[in-house]
Amino acid sequence: MCTTCGCSGHTHEPHHHDHEGHVHAPHEHGLEHAPRHGNDHEHAPPAANVIRLEQQILARNDEQAQRNRRRLAVQQVLALNLMSAPGAGKTTLLERTVRELGGGHTLQVIEGDQATDYDARRLREAGCPVVQLNTGTGCHLDASMVDRGLDQLPLAAGSILVIENIGNLVCPALFDLGEHARVVVAAVTDGDDKPVKYPHMFRAATLIVLNKMDLLPYVTFDTDRFQAFARQINPGATVLPLSAIRGDGVDAWIGWLREQARNGAA
């Protein structure tokens, strides 16, 4: 396991591109690990070495993220890192966004999943250019993967790029991808205590989308409590309740996107 985030270690397999813009991206930020024998504690690396290694891994990622950010700025593309727990409704929200964005803005997506291209196919059918990144056992995207994904997209000036990260409220928060802003999608089905249980994720958010409001009558979820926790962790973040299925609040989401595109990538 990777000592940085607990996901799969380094692999030397090459990257393969299929005809649908599908990139099979080996997970690169981790390490190769020798087979374990006997007591794990006997073979564990010293803590100081682990810390130095984590710092090196994150430093390399941050350097690539800055290159991604400069590239996107030159091309006048707004990039958003979209993160959530599994099943919070990121892809459904993007499907609706493709249909309703308009206003001269083109939406493009880098789709991150451990396996399959199901979500990428959904977005293509909605009319969105998509590159699929599969990480195997890796639990998040990193800046080098995104760099390869950028090579597969048109990146027209004035467009909006959404990087749909792997469903995970822990590891994606550690890795800068070169985005202009981070959007965290929570769902009322997740529970109202998520901001305080996963503070690093919510602290990094520019916008917190509270999705699946259409299910509120059927679950135990206190929206006031959720918003109080969100303000406690991140006083500067905006919380936007909506239903990607029913459409409530989607106009406010589209308006936020357009404002970010006007101001963030100019």
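The legends below describe an overview and several close-up views of a predicted model.

Local features are described where pLDDT is at least 70 and side-chain atom pairs where pLDDT is 80 or more, while totals for chains, interfaces and linings use all residues. Residues are numbered from 1 along each chain as its sequence is written, and side-chain values use heavy atoms, with hydrogens and water left out.

**Figure 1. Overview of the chain, with nine helices and nine strands.**
Helices (H or I, at least four residues) and strands (E, at least two) are DSSP runs, numbered from the N terminus. Of the 266 residues in the chain, 50% are buried; buried means under 20% relative accessible area, exposed over 50%, and partly exposed in between (1.4 Å probe, protein chains only). The chain exposes about 12300 Å², and 50% of this comes from carbon and sulfur atoms. Accessible areas come from the Shrake-Rupley method with a 1.4 Å probe, and for residues only the protein chains shown count as cover. Among contacts (heavy atoms within 4.5 Å) with a separation of 6 or more, 73% join residues 24 or more positions apart.

**Figure 2. The largest nonpolar core, with 31 residues.**
A nonpolar core is a set of buried Ala, Val, Leu, Ile, Met, Phe, Trp, Tyr and Cys residues joined through side-chain atoms within 4.5 Å. L107, V109, I160, V209 and W253 have the most contacts inside the largest core. At least two residues of this core come from each of β3 (78–84), α3 (90–100), β4 (107–113), α4 (118–125), β6 (160–164), β7 (181–187), β8 (207–211) and α9 (250–264). The most is given by α9, with six residues. A second, separate core has 19 residues, including A186, V188, M213 and A230.

**Figure 3. Surroundings of V109 and C128.**
Not counting residues up to four places away in sequence, V109 touches L94, L123, C128, P129, V130, V131, L153, L161 and V162. C128 is buried, at 3% relative accessibility.

**Figure 4. Q108 in strand β4.**
The relative accessible area of Q108 is 1%, so this residue is buried. Leaving aside neighbours within four places in sequence, Q108 is in contact with C128, P129, L153, P154, L155, A156, S159, I160, L161 and V162. From Q108 to L155 the C-alpha to C-alpha distance is 7.8 Å, and the two residues are 47 apart in sequence.

**Figure 5. Two residues with positive phi, L155 and K212.**
L155 is not a glycine, yet its phi is positive, at about 50 degrees. This residue lies in the loop between α5 (143–150) and β6, and is buried, with a relative accessible area of 4%. K212 is likewise not a glycine and has a positive phi of about 65 degrees. The loop between β8 and α8 (223–233) holds K212, which is partly exposed, with a relative accessible area of 22%.

**Figure 6. Crossing of helices α3 and α9.**
The two axes come within 11 Å and cross at roughly 70 degrees. Axes are lines fitted to C-alpha atoms, for helices over the stretch in contact, and angles run from 0 to 180 degrees between N-to-C directions. The helices α3 and α9 are therefore roughly perpendicular; angles under 35 degrees count as roughly parallel, over 145 as roughly antiparallel, 65 to 115 as roughly perpendicular and the rest as oblique. From α3, L93, R96, T97 and E100 meet V250, D251, W253, I254, L257 and R258 of α9. Because eight of the 11 residues of α3 are buried, this helix is largely enclosed by the rest of the structure. The buried residues of α3 are K90, T91, L93, L94, E95, R96, T97 and V98. After α3 comes G102, with a positive phi near 55 degrees.

The structure holds zero disulfides, a disulfide being a pair of cysteine sulfur atoms within 2.5 Å. C171 is buried, with a relative accessible area of 4%.

**Figure 7. N61 in helix α2 (residues 47–74).**
N61 is buried, at 6% relative accessible area. Apart from neighbours within four places in sequence, N61 contacts D142, A143, F175 and D176.
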